[in-house]
Amino acid sequence: TSLLMKLRLELCVISSILLTGLIVASFGTSTPTANAARLTSLLDRSPAAAKLQYQHLRDRATELGTEAIPEFQGVRASDKFPEVSLINQDGRSLNFKTDLVRNRTTCFAMFYTRCTGSCPGTISKMLKIRESLTSQFGRDNIQFVCMTLDPEHDSPETLRQYAESVGGLNKPELADIHFCTGAPDDLEQVRRALGMYDLDPEVDADRSQHAAMIVIGNDRHNRWASAPSGLPVEEIHETCLRIAGTTERQRFGLRLALDSGFKDDALVDLQDAPVGFSTAAAATNSSGSCCSNKDSAGSCCKDKSAKGACCTEKTSP
């Protein structure tokens with residue numbers, strides 16, 4: 001009798017586990033892409049509940065400090081970075097540590113102009129967060145650096161042509177962006193210093209399988225992070241904001257707004273409220289078809305055959 005009871009108990013436990021797994025699996029396959037605003041829209045909230053949640057976010061935001069976070073004192077990660085020379089699309093020489101890292105906030109990515117895999121998407125994300133983060137920090141407080149993995153082919157002139165083809169140089173009011181080449185050994189040192197390599201030597205040796213990621217560094221506060229470039233631009237924007245933010249409210253205020261599905265005006269009447277999210281959100285609008293060329297009048301063409309050009313415009317849906 002006791003044996004039968006144990007068997008029944010075990011069967012009940014196993015059945016419960018299987019049932020739970022089926023429920024979780026069904027939810028996992030039917031839940032939309034993890035987007036804060038979308039997930040919030042799935043919640044059945046009354047207007048009163050939404051108002052309470054909004055007030056909670058406002059109260060929480062007021063607890064976050066608006067005073068400038070002190071600069072980091074001590075050994076910085078960048079102290080071990082190589083001081084090598086890179087050359088941007090204008091032929092300007094830039095010292096990696098002195099000009100691109102020390103006491104600066106910089107977003108880095110690696111690509112090459114003949115890449116037909118992840119590179120166009122990575123560069124597209126860099127251009128989008130360049131817009132959204134400039135609106136947050138101003139053009140003089142952040143910069144963007146795209147470094148080639150193919151220096152033998154990607155000369156400064158080639159990089160400039162590529163940058164022009166993706167619309168990377170047509171907005172001088174935005175933060176500086178550099179498309180850089182250099183000596184192969186120097187670029188390899190930079191890639192290793194930024195952690196933009198694969199732990200598997202065979203995979204890492206294959207340039208076509210390079211890490212599709214964006215690295216953000218805030219040297220003054222010794223904060224560094226990386227994000228896959230395949231993430232939605234809002235999430236990359238938020239990652240950069242947390243690393244680059246100079247006050248606690250600036251670093252986390254955006255998340256407070258997003259968690260309730262509000263846009264960048266959710267905390268607009270609070271001092272030092274985050275801005276720029278609407279710019280980032282607009283950049284992710286996927287309606288319409290990609291195009292890669294413009295006609296003589298500057299209108300978007302529907303010819304998508306141009307090689308080496310990233311989609312930077314949309315035609316009408």
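Q: How many salt bridges does the count come to?
A: In this predicted model, the count comes to 14 salt bridges.

Q: Which residue meets Arg102 in a salt bridge at 3.0 Å?
A: That partner is Asp79, whose side chain meets the side chain of Arg102 with 3.0 Å from N to O. Arg102 lies in the loop between helix H4 (96-100) and strand S3 (105-111), while Asp79 lies in the loop between helix H3 (47-63) and strand S1 (85-87), so the pair ties together parts that are 23 residues apart in sequence.

Q: And where does Asp219 lie, the other residue that Arg102 meets?
A: The side chains of Arg102 and Asp219 meet in a salt bridge at 3.9 Å, N to O. Asp219 lies in the loop between strand S6 (213-218) and strand S7 (223-228), so this pair ties together parts that are 117 residues apart in sequence.

Q: Is Asp219 buried or exposed?
A: Asp219 is buried, with a relative accessible area of 0%, whereas Arg102 is partly exposed at 30% and Asp79 is partly exposed at 34%.

Q: Which residues are linked in a network of salt bridges?
A: The network links Arg76, Asp79, Arg102 and Asp219.

Q: Changing topic, what does Arg139 form a salt bridge with?
A: Arg139 forms a salt bridge with Asp176, and their closest N and O atoms are 3.0 Å apart. The two residues are 37 residues apart, with Arg139 in the loop between helix H5 (119-137) and strand S4 (143-148) and Asp176 in the loop between helix H6 (156-165) and strand S5 (177-182). Arg139 is partly exposed at 31%, and Asp176 is partly exposed at 35%.

Terms used:
Residues numbered from 1 in each chain as written. Predicted model: local features only at pLDDT ≥ 70, side-chain atom pairs only at ≥ 80, totals over all residues. Heavy atoms only, no water. Salt bridge = Lys/Arg side-chain N within 4 Å of Asp/Glu carboxyl O. Helix = DSSP H or I, 4+ residues; strand = E, 2+ residues; numbered from the N terminus. Buried < 20%, exposed > 50% of the residue type's maximum accessible area, 1.4 Å probe, protein only.
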